[in-house]
Amino acid sequence: MAENKVQAFVPEAGTCVPWKVKKEELGQLAGNEEIVKQEWDKLDAFAYAFIWFWVQR
């Protein structure tokens, strides 16, 4: 078996990649983390809506 398993997760409804997962990818952030989180949440919500737009067609 492969030792490098990708850790699977089920995102919460309305999200693609939750902030807690993205934060683990980014590591330590310089500056105000709350600002980055707010912008990530906006981008993630847009991505979710975009995907659903194409799924519903």
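Reply: What follows is a close look at helix α1 and its packing against helix α2. This is a predicted model, in which local features need pLDDT of at least 70, side-chain atom pairs count only at pLDDT 80 or more, and totals for chains, interfaces and linings use all residues. Residues are numbered from 1 along each chain as its sequence is written, and side-chain values use heavy atoms, with hydrogens and water left out.

Helix α1 covers residues 19-26 and helix α2 covers residues 33-56; helices here are DSSP runs (H or I, at least four residues), numbered from the N terminus. Two packed helices are described by the angle between their axes and the distance between the axes. For α1 and α2 the angle is about 125 degrees and the axes are 11 Å apart, where axes are lines fitted to C-alpha atoms over the stretch in contact, and angles run from 0 to 180 degrees between N-to-C directions. The two helices are therefore oblique to each other, a word kept for angles that are not roughly parallel (under 35 degrees), roughly antiparallel (over 145) or roughly perpendicular (65 to 115).

On the α1 side the contact (heavy atoms within 4.5 Å) is made by Trp19, Lys22 and Lys23, and on the α2 side by Glu33, Val36, Lys37, Trp40 and Asp41.

Within α1, the buried residues (under 20% relative accessible area, with exposed meaning over 50% and partly exposed in between, for a 1.4 Å probe and protein chains only) are Trp19, Val21 and Lys22. They cover an arc of only 160 degrees around the axis, which puts them on the same side of α1; the arc is that of the directions from the helix axis to the C-beta atoms. These buried residues pack against α2, while Lys20 and Glu24 are exposed on the other side of α1.

Trp19 is buried, with a relative accessible area of 10%, and, leaving aside its neighbours within four places in sequence, Trp19 is in contact with Leu26, Leu29, Glu33, Val36, Lys37, Trp40 and Asp41. Although Trp19 and Val36 are 17 residues apart in sequence, they are 9.6 Å apart in space, C-alpha to C-alpha. Lys20, by contrast, is exposed, with a relative accessible area of 57%, and its C-alpha lies 9.3 Å from that of Lys37, 17 residues away in sequence.

Finally, α1 is followed by Gly27, whose phi is positive, near 80 degrees.
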